[in-house]
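Below is a short briefing on one structure. Please look over the sequence and the model before reading the points that follow.

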Amino acid sequence: MIRFTHVSKHYPRGGPALDDISFHVNRGEFVFLTGPSGAGKSTILKLVYVEERPSAGEVRVAGLSSVTMRPAEVPALRRRLGVVFQDFRLLEDRTAEQNVAFALEVIGTPAAQIGPKVARVLTQVGLAAKATALPHELSGGEQQRVAIARALVNDPLVLLADEPTGNLDDRATRGIFQLLRDINATGTAVMMATHDLALVKSLDYRTLEMNRGRLVFDSGAEFPAAADEFDPAVTGPDAPAAGADPAPEAP
Amino acid sequence: MNLALREALRAFRRAPMLSALSVTTIAFSLFAFGLFGLVALNLRNALAEVEERVEVRAFVAEGTNPEATAAAVGDIAAFPEVASVTLVSEVQALDRARRELGEFEDVFEAGILPASIEVRLKEGFRDPESVRAVARRFEVYDFVDDIRFGEEWVEKLYKLRTIATAAGISLGITFALVAIIIIGSTIRMAVLARSREIHIMRLVGATNGFIRAPFLIEGFLKGLLGGVLALLLTWLTYQFVGQYVVQATYFGAGMAVLGVLGGACIGLLGSAISVGRHLRRV
């Protein structure tokens with residue numbers, strides 16, 4: 001579902017952020033992205049939700065390739081992804097349910113479907129009782145739950161979480177992490193960037209370890225890519241030949 | 001569209017101070033432009049009034065056959081540049097001189113003033129070149145003694161008009177540019193204040209058109225309100241000036257509507273540019 005093939009990313013003034021990264025993530029997988037700050041974790045997530053494009057190599061997400069993707073296709077792809085951040089990124093002047101509904105409204109979901117969907121997802125994250133609270137009335141952990149609800153409301157294929165527990169105390173961290181596991185158990189893939197090594201080591205999930213833009217360890221590398229029904233192109237005739245260097249994307 | 005309008009109105013509700021500041025800034029920059037426009041309009045009207053007085057006067061030699069002058073008047077009236085032709089007889093000239101210069105009435109004796117043909121020119125033919133060309137055409141008539149058209153005066157007036165036009169255009173463009181820049185940065189501020197919303201909209205897969213719509217509506221509304229406020233301010237100034245300084249002319253209804261719509265368009269344009277910058281990434 002997500003496939004990085006010899007991906008490099010250079011920022012004009014920042015030097016290389018990613019250097020020849022290759023990996024894949026299957027549908028329904030739970031993957032930790034670990035490594036120190038500046039290792040390239042966030043850049044990998046940004047390449048997945050197309051906030052950035054690779055300088056070289058190819059990123060394929062849900063059948064769409066970074067090499068051939070047109071800007072007009074980006075919104076459609078993002079509707080199949082959910083993203084949460086360390087700083088929650090909620091709209092402060094809207095209640096929890098309005099924040100979640102906003103994600104549906106701006107992609108043109110019919111009004112009649114919005115209410116039930118919002119209620120369902122707020123229940124899923126355990127915040128049904130605080131649907132009408134404003135963000136500043138919620139704790140950090142609760143705010144992150146609202147952000148997760150917003151990311152989930154479109155039933156994404158994968159939930160991308162960039163240091164989702166970075167601003168939270170231990171108890172809230174455990175709660176959010178358990179929620180991500182529950183979400184994963186329903187079939188949604190989760191890619192979680194974190195530098196909380198204790199958390200990563202305590203669990204037997206696949207781990208991609210980054211350091212200075214390089215992938216230094218992949219605990220799932222020995223497993224072959226599963227046939228992916230959501231990404232026919234991976235096994236189709238236009239799939240890149242093994243070892244071939246795809247044309248770099250023009251910036 | 002419904003959501004876009006709601007989001008635009010929400011921006012007003014959520015940040016009333018910032019919105020009021022934007023509208024006021026837009027209003028004042030349009031007000032400056034409007035005031036300049038009023039000055040330009042009145043200057044143009046005043047000049048047009050003076051220009052109407054541009055005339056060519058051909059003095060008729062004494063003893064000329066009235067039929068010949070009458071025929072000439074008919075010919076002259078057919079010139080494309082000519083607005084009106086008047087034949088002033090010796091008697092009429094004397095009457096007029098006595099009337100206009102009442103205290104010297106005794107100085108004028110019958111027969112001292114010659115008859116003349118007075119020609120007023122159409123708008124657009126009051127520049128020195130055209131006036132001279134018309135004057136030259138009088139030379140074909142034998143009975144014309146002398147031709148006067150205040151050459152020096154016409155040239156000065158024309159020069160004044162040219163300077164006023166050039167100053168008007170360059171100052172007008174400058175004022176309009178300043179207004180556009182101020183309005184653009186005002187709206188940019190509003191867009192920056194909502195960058196989080198834009199970011200979230202992009203993240204959840206809203207299309208660029210969808211993201212733009214509320215900002216365009218907001219910009220349009222701010223421009224429109226600013227335009228109305230500017231119109232009100234210029235009207236108040238006009239009233240004040242009319243009462244205490246000098247009677248002036250105000251914009252016509254069409255011009256006023258055009259000004260307000262212009263403000264709205266500048267608001268729309270400023271928003272489009274500002275939000276476009278936010279969306280251009282990726």
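Two residues are in contact if their C-beta atoms, placed from the backbone, lie within 7 Å. Helices (H or I, at least four residues) and strands (E, at least two) are DSSP runs, numbered from the N terminus. The model is predicted: local features need pLDDT of at least 70, side-chain atom pairs count only at pLDDT 80 or more, and totals for chains, interfaces and linings use all residues. Residues are numbered from 1 along each chain as its sequence is written, and chains are lettered from A and ligands numbered from 1 in the order in which they are written.

**Helix pair in chain A**
- Helix H5 (residues 140-152) of chain A packs against helix H6 (residues 170-185) of chain A at an angle of about 20 degrees, and their axes are 9 Å apart.
- Axes are lines fitted to C-alpha atoms, for helices over the stretch in contact, and angles run from 0 to 180 degrees between N-to-C directions.
- H5(A) and H6(A) are therefore roughly parallel to each other (angles under 35 degrees count as roughly parallel, over 145 as roughly antiparallel, 65 to 115 as roughly perpendicular and the rest as oblique).
- On the H5(A) side, the residues that meet H6(A) include Gly140(A), Gln144(A) and Ile148(A); among their counterparts in H6(A) are Ala172(A), Ile176(A) and Leu179(A).

**Sheet in chain A**
- An open sheet of four strands has the order E2-E1-E4-E5 (chain A), with antiparallel pairing (two strands pair if DSSP finds at least two bridges between them).
- E2 and strand E5 (64-65) of chain A are at the edges with a single partner strand each, so one side of each has no neighbour in the sheet.
- Helix H1 (residues 41-48) of chain A packs on this sheet and touches E1, E2 and E4 of chain A; its direction makes about 115 degrees with that of E1(A).
- Seven bridges link strand E1 (residues 2-11) of chain A with strand E2 (residues 15-25) of chain A in the antiparallel sense.
- E1(A) and E2(A) form a hairpin, with three residues between them, and Tyr11(A) has Gly15(A) as its bridge partner in E2(A).
- E1(A) is also joined by five bridges to strand E4 (residues 56-61) of chain A, again antiparallel; there Ser8(A) is partnered by Ala56(A).

**Sheet in chain B**
- Four strands of chain B form an open sheet in the order E2-E3-E1-E4, and the pairing is antiparallel.
- Its edge strands are strand E2 (82-88) and strand E4 (144-148) of chain B, each pairing on one side only.
- Strand E1 (residues 55-60) of chain B and strand E3 (residues 116-121) of chain B are joined by five bridges, and Val56(B) has Val119(B) as its bridge partner in E3(B).
- Helix H3 (residues 66-77) of chain B lies across E1, E2 and E3 of chain B, at about 170 degrees to E2(B).
- Helix H5 (residues 128-137) of chain B lies across E1, E3 and E4 of chain B, at about 150 degrees to E3(B).

**Contact between the chains**
- The contact takes 17 residues from chain A and 14 residues from chain B.
- On the side of chain B that touches chain A, helix H1 (2-14) and helix H7 (195-203) of chain B are the elements that give two or more residues.
- H7(B) supplies the largest share of that side, six residues.
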